[in-house]
Amino acid sequence: MNKEGQEEIIGFAVIIVLVSIILLIFLGVYLRTDSSTEEIQNYEIDSFIQGFLQYTSDCESEYEGNFVSMQDLILMCEELKVCVGGESSCNKLKNLGEGIIQGVWFVGETNEYRGVDFRVESEKKVFLEMSLGDKSNSYESSTNFVKGNEVIRVNLKRFR
Amino acid sequence: MVKGQIKIQQMAFMLVALVLFFILVGLFVLGISFNGLKKTAVSLENENVLLLLTRIANSPEFACGESFGNRRTSCIDLDKIMVLASSREYENFWGVGAIKIRTVYPPEKEEVCSFSNYPNCNIIEVYGTDEGEFQSNFVSLCRKEVINEESFDKCVLGKIMISSGGVNE
């Protein structure tokens with residue numbers, strides 16, 4: 001009788017241990033999905049990229065007063081063209097692009113977002129890359145494409 | 001007979017304990033799942049607001065159309081908006097508390113636009129004076145600029161903002 005009771009208690013303990021292990025696995029999987037660098041397509045970032053590409057730069061192409069958009073500036077940079085006045089379009093793209101990202105995305109410990117990563121690149125060339133803040137948490141992202149001689153990706157990741 | 005009854009009693013206690021245990025586990029799992037659902041609901045709500053903002057930005061009263069070359073999406077014609085802001089005829093048309101448009105980049109002096117200071121200002125109060133919580137999304141703000149008597153298109157980065165009071169209407 002005493003021995004049977006002990007066996008039952010052991011059986012009960014085994015069941016509890018098994019269920020606890022299952023629960024721990026479930027919890028582990030759930031927490032990992034929540035905190036990993038998960039990519040979520042973001043509508044707001046997509047709108048930002050569209051606005052960025054339409055932004056009128058201070059680079060004039062071919063003649064004075066013909067200010068080009070950022071999208072056209074990327075295409076000029078791809079063909080290594082220069083702006084009126086002699087400045088390289090790639091230089092202009094880098095300076096202006098960095099200015100826009102710094103002026104729009106305020107990141108840091110006290111802000112809603114911890115970091116930002118912005119890239120304009122094709123298979124062969126990186127036109128602009130910029131990183132701000134901490135990039136270790138999950139992020140939201142969006143990518144637009146500019147069609148030049150090859151497809152150019154414009155991607156922004158915003159880290160929580 | 002007494003031994004058999006004790007056995008049955010033991011089994012009954014065991015079954016009750018197991019059922020209670022699994023109920024607790026189930027509640028725990030459900031709690032976690034519902035937490036995820038809540039997050040999804042909030043994210044869907046935010047997405048709906050962004051879609052509403054884009055719909056307003058792309059409506060004929062706001063959109064650039066083909067005034068600045070090719071048809072653009074999420075592009076607002078600022079010259080058109082200045083005229084729209086001065087009209088009271090659209091007050092109940094949008095179904096939102098208030099609509100504002102703000103320049104984000106390049107940074108400008110904080111000043112509400114009027115016909116006397118436009119375009120050297122950064123906020124256009126299109127409609128309503130609601131000072132409540134605003135939701136916003138990025139747009140391109142375009143206008144015709146003149147330098148040395150030459151006209152050209154100038155687009156800056158901005159935000160369209162609507163007051164939260166109108167979102168659920």
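Domain bounds here come from an automatic or database domain assignment.

View 1. Welcome to a predicted model, in which local features need pLDDT of at least 70, side-chain atom pairs count only at pLDDT 80 or more, and totals for chains, interfaces and linings use all residues. Residues are numbered from 1 along each chain as its sequence is written, while chains are lettered from A and ligands numbered from 1 in the order in which they are written. Domain 1 of chain A covers 1-35 and domain 2 covers 39-159. Their C-alpha centres lie 52 Å apart.

View 2. Helices (H or I, at least four residues) and strands (E, at least two) are DSSP runs, numbered from the N terminus. Chain A has 4 helices and 7 strands, and they follow one another as α-β-α-β-β-α-α-β-β-β-β. The radius of gyration of chain A is 26 Å, well over the 15 Å that the globule rule gives for 160 residues, so the chain is more spread out than a compact globule. That radius is taken over C-alpha atoms, and the globule rule is 2.2 Å times the number of residues to the power 0.38. Along its principal axes, the C-alpha trace of chain A spans about 100 × 35 × 20 Å.

View 3. A residue is buried if 20 or more other C-beta atoms lie within 10 Å of its own, exposed if 12 or fewer, and partly exposed in between, with C-beta atoms placed from the backbone. Of the 56 residues in α1(B), the buried ones number 4: Leu53(B), Thr54(B), Ile56(B) and Ala57(B). Their cover includes α2 (43-54) of chain A, along with β1 (75-77), β2, β4 and β5 of chain B.

**View 4. Chain B meets chain A.** Two residues are in contact if their C-beta atoms, placed from the backbone, lie within 7 Å. By this test, 25 residues of chain B are in contact with 20 residues of chain A. On the chain B side, two or more residues come from each of α1 (2-57), β2 (99-105), β4 (134-147) and β5 (150-163). The largest share, 7 residues, belongs to β5(B).

**View 5. Ile76(B) sits in the largest nonpolar core.** A nonpolar core is a set of buried Ala, Val, Leu, Ile, Met, Phe, Trp, Tyr and Cys residues joined through C-beta atoms within 7 Å. The largest one has 62 residues, and Ile74(A) and Ile76(B) have the most contacts inside it. Leaving out residues up to four places away in sequence, Ile76(B) touches residues including Ala57(B), Phe62(B), Ile101(B), Leu141(B) and Ile160(B).

**View 6. Two cis peptide bonds in chain B.** The bond from Tyr105(B) to Pro106(B) is cis, with omega near 5°. Another cis bond joins Tyr118(B) and Pro119(B), with omega about 5°. Pro106(B) lies in the loop between β2 and β3 (123-127) of chain B, and Pro119(B) is in the loop between β2 and β3 of chain B.

**View 7. Positive phi at Leu80(A) and Ser74(B).** Phi of Leu80(A), a residue other than glycine, is near 55°. Leu80(A) counts as exposed because it has 9 C-beta neighbours inside 10 Å. Ser74(B), also not a glycine, has a positive phi of about 50°. Ser74(B) lies in the loop between α1 and β1 of chain B, and counts as buried because it has 22 C-beta neighbours inside 10 Å.
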